[in-house]
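Me: I'm new to this one. Can you walk me through it?

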Amino acid sequence: MISLLRMAPENVELYLERIYEIETLSFPAPWSINAFRQEVKNPVSHLLGLLVSGTLHGYVCFWLFDGEIQLVNIAVHPKARGRGLGNYLLTKMLEFAASRSTQAIWLEVRRSNRTARRLYEKFGFVEVGRRRKYYTDNNEDAVVMSLNLAEKSPDEGPHKEKPAQAWNVPAPSPTNSRDSF
Ligand SMILES: CC(C)(COP(=O)(O)OP(=O)(O)OC[C@H]1O[C@@H](n2cnc3c(N)ncnc32)[C@H](O)[C@@H]1OP(=O)(O)O)[C@@H](O)C(=O)NCCC(=O)NCCS
């Protein structure tokens, strides 16, 4: 059974070891455990864990501020990839976006990350720019992608589903920002 859990200071410690395992298996320059601790304290940040039969298999982290979302992290455990879990996480983020009348979603992705780029394209994200040598570990360019939700009609696109009730959180206000993955 698949479920989604909003990480908070009260529950994140239970999952941090597994999150960090997935993070280090997924990225050449992984976030630290403390970075995840900071995310759950940040009022604009939403860290959602994907549980399969109670075990964390992936997560997505995004910031909501000024009516826009910045996707800052998404990963699925390597052993669980290719089974639709990335799809599920993005769908849930889009449902959340729809529930908050979000205008646009932004993200950066490594130019070489064809898997993630295909996933985003499938959801309608388009390339809107590049950041030269954005990733300092290997000087790789970032592809900036966005999904303009304001342009879509209410019953068009993957965010058309009824908003999920899983996120009963206060409206966020901007605090900090930092470079993402
Ligand atoms: C990107 C990631 C989250 C996808 O998770 P996943 O659970 O494997 O994805 P899904 O099985 O839901 O597949 C969703 C889509 O991703 C794309 N995709 C998945 N595996 C792929 C592969 N091996 N090659 C090309 N595209 C692939 C496809 O578009 C697929 O849609 P389709 O099945 O309709 O063709 C996962 O590969 C991952 O954790 N990667 C490492 C971390 C990362 O790069 N995060 C993104 C940073 S910007």
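What follows is a short chat about the chain shown above.

Me: What kind of model is this, and how are residues numbered?
Reply: This is a predicted model: local features need pLDDT of at least 70, side-chain atom pairs count only at pLDDT 80 or more, and totals for chains, interfaces and linings use all residues. Residues are numbered from 1 along each chain as its sequence is written.

Me: How many helices and strands are in the chain?
Reply: The chain has 4 helices and 7 strands. Both are DSSP runs, numbered from the N terminus: helices are H or I with at least four residues, strands are E with at least two.

Me: In what order do the elements run from the N terminus?
Reply: The order is β-α-α-β-β-β-α-β-α-β-β.

Me: Start with the helices. At what angle do α1 and α2 cross?
Reply: Roughly 140°, with the axes of α1 (residues 12-26) and α2 (residues 33-41) coming within 10 Å. Axes here are lines fitted to C-alpha atoms, for helices over the stretch in contact, and angles run from 0 to 180 degrees between N-to-C directions.

Me: Left-handed or right-handed?
Reply: α1 passes α2 in a right-handed crossing. The rule: right-handed if the near helix is turned clockwise from the far one by less than a right angle, left-handed if anticlockwise.

Me: Which residues make the contact?
Reply: From α1, Val12, Leu16, Ile19 and Tyr20; from α2, Ile33, Phe36, Arg37 and Val40. Two residues are in contact if their C-beta atoms, placed from the backbone, lie within 7 Å.

Me: How do those residues divide, nonpolar, polar or charged?
Reply: The contact of α1 with α2 has 7 nonpolar residues, no polar ones and 1 charged. Ala, Val, Leu, Ile, Met, Phe, Trp, Tyr, Cys and Pro count as nonpolar, Asp, Glu, Lys and Arg as charged, and the others, Gly among them, as polar.

Me: Stay on α1. Is Ile22 buried or exposed?
Reply: Ile22, found in helix α1, counts as buried because it has 22 C-beta neighbours inside 10 Å. Buried takes 20 or more other C-beta atoms within 10 Å of the residue's own, exposed 12 or fewer, partly exposed in between; C-beta atoms are placed from the backbone.

Me: What is Ile22 in contact with?
Reply: Gly58, Ala75 and His77, leaving aside neighbours within four places in sequence. Ile22 and His57 are 35 residues apart in sequence, yet 7.9 Å apart in space, C-alpha to C-alpha.

Me: How much of the chain is buried?
Reply: Buried residues make up 30% of the 181 residues.

Me: Now the largest nonpolar core. Which residues touch the most other members?
Reply: Tyr59, Val60, Phe62, Leu71, Met93 and Ala97, out of 39 residues in that core. A nonpolar core is a set of buried Ala, Val, Leu, Ile, Met, Phe, Trp, Tyr and Cys residues joined through C-beta atoms within 7 Å.

Me: Which elements each supply at least two residues of this core?
Reply: α1, β2 (45-52), β3 (55-65), β4 (68-76), α3 (85-99), β5 (104-110) and β7 (140-148).

Me: And what does Leu71 touch?
Reply: Not counting residues up to four places away in sequence, Leu71 touches Phe62, Met93, Ile105 and Leu107.

Me: Switching to β4. Is Asn73 buried or exposed?
Reply: Asn73 sits in strand β4 and is buried, with 22 C-beta neighbours inside 10 Å.

Me: What about Pro78?
Reply: Pro78 is in the loop between β4 and α3. Pro78 is exposed because 10 other C-beta atoms lie within 10 Å.

Me: Which non-glycine residues have a positive phi?
Reply: Among them are Lys133, at about 50°, and Asn139, at about 60°. Lys133 is in strand β6 (residues 126-135), and Asn139 is in the loop between β6 and β7.

Me: Is Asn139 buried or exposed?
Reply: Asn139 is exposed, with 9 other C-beta atoms within 10 Å.
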